[in-house]
Amino acid sequence: MHKRLQELRGMLTEVSDLRSAAAVLHWDQTTYMPAGGADSRARQISLLERLAHERFIQMAIGEMLEDLREYEQSLPYDSDDASLIRVTRKQYERESRIPVAFQEALAVHCAHTYQEWTQARPANDFARVRPLLEKTLDMSRELAGFYPGYDHIADPLIEFEDEGMTVASLRKLFAELRGELVPLVRAVAEAGPVDDTCLTGPFATADQLEFGRQVIERLGYDFSRGRQDLTHHPYMIKFSLGDVRITTRVRENDLGEALFGTIHESGHAMYEQGIDASFDGTPLAHGTSSGIHESQSRLWENVVGRSRHFWTFFYPALQSAFPGQLSGVTLDDFYRAVNSVEPSLIRTEADELTYNLHVMIRFDLETAMLEGKLAVRDLPEAWNERYRSDLGVLPPDNRDGVLQDVHWFGGIIGGAFQGYTLGNVFAALFMDAATRAHPEIPSDIERGEFAALLGWLRDNIYRHGSKFTADELAMRITGNPPSAAPYVSYLKKKYGAIYGLGASG
Ligand code: ZN
């Protein structure tokens, strides 16, 4: 290996280790830490993040990247070395624009706001977090200001999560999708509700966790390089490629919460566990974008985990885990129940069809706040109004309204939500490509075999880590830029069959 590159890798690994140490503290904060630890924990995380940031933007890394420019240009674009230099340079240029003092203040503010939110949400107390959210908005605008030359103030914030996407390109994509989704949701609503009471249990927590564990082990989540714990808001977190954890929330009266949440997070985790081990400790050792990450959680959760093939295999085991609740429920009834479409209040519990409407509401509201067209004090009302007009439901309180998602209360405002809908679009695109390459995938799934699918995903997506952007991955896989067409046709086919809609539906 080039000597300079070896030095660079050494420094990058130190940065990565500091960030991982901060991540362990964050994981502990949301799983086991007593409330009394909150203030010092915020300070500790902020110190580690500051050290990581300072170390990353130090001059030596910039000089090394300069020295490596010629070497990079002598290599093929997709070589590991060229990709490491290219991706590190992009991050370096992005991060070195943020002043250390600002970075630190933002980390302290976000940790504090998160802690307040964990109290404010159950208490339905928006007023408690309102001033904090106002400060978050100011800081988010300030952050965008470090990247002048944008078309829209949200663009730099979106770029952090989904490189290459902008407010303009997303508004176009969302408008296209909305045009297809709204009539489909309406047709499904007219076809009448599906009975999903079989999911309300009660189902004992320990039994739910055990069943979920068996499912994701079979899918390919590696527990020797991961673990699962309980938390308020489920997520995946990685400390190294050998330690990729998931967290879960269980409700005894809702089988889907823990089950599909577990599959969802294991999809994120299998992506990270599948990254080329030689990338560990470098900027390549991460999923490439928010949209591609979500594509993997959604592919496993929805395209696989809510398919008839999947339940043909797993339903008998689920019935024997919960005989009292499910012995009288047929596979067909259960399949329809886990795919029932009903406009609802909570994004994370939304069905596949209405889910994207939740995302579009958040995207529009955060964009409006950043533009200065919507004040934080008017946010709850604006939120409720959009739920009424878009989904036909009215949140009874802020707990199940504007306070429901952690994103604005644990991070910046801007760029936080578009990845979910991009994920749905990419999930359908990749499943389509995988099934074309391996037509046996659907019958494999019916037999509880996931190796062909997981193998295709590892080869084409996971192992590359951050080497390629979302657009580059789509080009490499399909020969075309990303398209929403496979997603729309997947939804029409699946829900057309479940709800007995005509071919035009
Ligand atoms: Zn996710």
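Modeller: What follows covers the metal site and a helix pair. This is a predicted model, where local features need pLDDT of at least 70, side-chain atom pairs count only at pLDDT 80 or more, and totals for chains, interfaces and linings use all residues. Residues are numbered from 1 along each chain as its sequence is written, and side-chain values use heavy atoms, with hydrogens and water left out.

Biologist: Which residues coordinate the zinc ion?

Modeller: His264 (NE2), His268 (NE2), Glu294 (OE) and Glu294 (OE), at 2.1 to 2.7 Å. Donors are N, O and S atoms within 2.8 Å of the metal (3.2 Å for Na, K and Ca), and sites may look incomplete because water is not among the atoms.

Biologist: How are the donor residues spaced in sequence?

Modeller: The pattern is H-x3-H-x25-E. His264 and His268 lie four residues apart in helix 11 (residues 255-273), so about one helical turn separates them. Helices here are DSSP runs (H or I, at least four residues), numbered from the N terminus.

Biologist: Are those two histidines buried or exposed?

Modeller: Both His264 and His268 are buried, meaning under 20% relative accessible area with a 1.4 Å probe, protein chains only.

Biologist: Different topic. At what angle do helix 2 and helix 5 pack?

Modeller: Helix 2 (residues 38-57) and helix 5 (residues 80-95) pack at about 115 degrees, with axes 10 Å apart. Axes are lines fitted to C-alpha atoms over the stretch in contact, and angles run from 0 to 180 degrees between N-to-C directions.

Biologist: Which residues meet there?

Modeller: His53, Phe56 and Ile57 in helix 2 meet Thr88, Gln91, Tyr92 and Glu95 in helix 5; contact means heavy atoms within 4.5 Å.

Key: Helices (H or I, at least four residues) and strands (E, at least two) are DSSP runs, numbered from the N terminus. Buried means under 20% relative accessible area, exposed over 50%, partly exposed in between (1.4 Å probe, protein chains only).
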